[in-house]
Amino acid sequence: MKRDRQLLVLFLPCLVFYIIFRYGPLFGLTIAFKDYNVFEGIFGSKWVGFKHFANFFSSSDFLLLFKNTLALGFLTLLFGFPIPILLAISLNELRVKWLKKSIQTLTYLPAFLSIVIICSMVMDFLSPSTGLINKLMVALGFEKIYFMIMPEWFRTIYVASDIWATAGYDAIIYLAAVAGISPTLYEAAKVDGCSRWKSLWNITLPSLMPTILIMFILKTGKMLQIGYEKVLLLYTPTTYEVADVFSTYVYRKGLVESNYSYAAAVGMFEALIAMIMLLSANFISKKAGGKGLW
Amino acid sequence: MVGESKFNLFGVINALLLICVGIITVYPIIYIFSISISDTASVVQGKITLFPRGINFDAYLEVLKDKRIPRAYLNTIFYTSFGTFINLLITAIAAYPLSRPNFIWRKYWMLGIVLTMFLNPGIIPNYLVVQGLGLTDSVWALVIPNAIWTMELIILKSFYEGMSDQVREAALIDGASEYRILFNIVIPLSKPALASIALFYFMGHWNSYFLPMIYLNDSTLYPLQVVLRDMLIFDDGNRSSLVEAAALAPQAKKNATIILSMIPVLMIYPFAQKYFASGVMIGAEKG
């Protein structure tokens, strides 16, 4: 039909885009099973089966990366997940309108800053010579700490700066959910003699539960997809042992050392695990009686 | 009475805590700004903790003299405006057929599109595709491979679906083509939704450093974030901590650069609240 043809014309750029840039790379993943050679291209390179996967799994890097990725992802989830919820709830409890509005506006300002700026601020504040934190510690009689080059500090720095940067932004969703709770529920509770604390516990939290569950599934699914752009900026060779995650390793092996096939195999493994995690989180949530994503 | 006083205590503690959170959030930004407009002596002696001392704008003049930064700034403006324009154009057009219930194979197109959100092949295959198409070292490498963000496409598609059909049907009876309906009716009526996704695209382009870093080799093409990364993170005493004196003086200059890079973002920030929030919300609902 003419209408269909017109719609198809409009859809064409989108179709081409998805085929080339979203499905094309999936096809390009075949190089994980080949010895990719720039001169022979994706088609010409020789098949080698699971060689790169086998190499990766048997290398000492594998366990280290697995541990680091899991640790960073888990810590980010453990500390980063509840904070936006707490922030939204306590913002909601704040009855001074202008204060509520200004604090909300302030807390999501960092979401607008680039990762480069955030990381440079982190380094600036933690610098042993000029950083405020070290100055404060010296003033209080402690020793200077060379935060950025000490492996034992990396995870704390990563997680804390992540919370600083994203908590306000993540709180938006919960704030909207809280705003959607019918005021009559609170009025009824008040009549029944519920204190603010009690109605928070009996009304606000249960009403937020579906949103919290959905966000939890999403975050769990993305747990392994650590903000590698941030890790790349924050880590140093001395902190690789705790900071190196799958995606930074893929970047170094693939794009820096031009070891394309090996890096593609590692990337594929990571994507696979991430998908399995998302599917299982969704499955568990459904089994638990909650809503799933699909 | 007892309940009443408890309630007050709760409210006060809550307010105080939130004020602390607010201070912690903005403090670093104010500090950076104060350093950038303070005189060198105060900065070197570490006298700045919050407010600037000996206010001057030398650091900003110095930044403008350093050839790298103004050029990078212009590059970023170009990449961001051109990129956002392409994003908006393609997304606005693509969302339309997908929003029509009678569009042929619509279910399958949508399935194919949504699936890509879960199938993430990683950076290497993406890089090979972009390189294979000969896009590297040009603005196209930053624009075309991310011309559509799936989430933004879905947001716009659901917005189109929620629009009233009356005007569209009137146009249909008048014999308007789908192109006319899209460009003369649907797009003009979608300004709030377009503004919301434009904001996401804008922020994405303005703040991106990783893609420019891997796709651009020619340093004259670098956007601001890549130059910032080189300046702030890779070439100073921050890491070695031994070059103390040398690292101190440019502190003001570095911070001035950071502030300059934030200006456009801070300018759209007041408007952002409205549009960003609604975009995040639709995004979350669609999950």
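User: Why is B:Phe10 called partly exposed?

Analyst: In this predicted model, B:Phe10 has a relative accessible area of 23%. Buried means under 20%, exposed over 50%, and partly exposed in between (1.4 Å probe, protein chains only), so B:Phe10 counts as partly exposed.

User: What makes A:Trp197 and B:Phe10 an edge-to-face pair?

Analyst: Their ring centres lie 5.5 Å apart and their planes meet at 75 degrees. Rings of Phe, Tyr and Trp (its six-membered ring) pair if their centres lie within 6.5 Å; planes under 30 degrees apart are stacked, over 60 edge-to-face, and the rest tilted. Therefore this pair is edge-to-face.

User: Why is A:Cys119 called buried?

Analyst: A:Cys119 has a relative accessible area of 1%, so it falls in the buried class.

User: What makes A:Lys230 count as sitting over the ring of A:Tyr158?

Analyst: The charged end of A:Lys230 is 4.4 Å from the ring centre of A:Tyr158. The rule asks for NZ of Lys or CZ of Arg within 6 Å of the ring centre and within 35 degrees of the ring normal.

User: How are residues and chains labelled, and what was counted?

Analyst: Residues are numbered from 1 along each chain as its sequence is written, while chains are lettered from A and ligands numbered from 1 in the order written. Local features need pLDDT of at least 70, side-chain atom pairs count only at pLDDT 80 or more, and totals for chains, interfaces and linings use all residues; side-chain values use heavy atoms, leaving out hydrogens and water.
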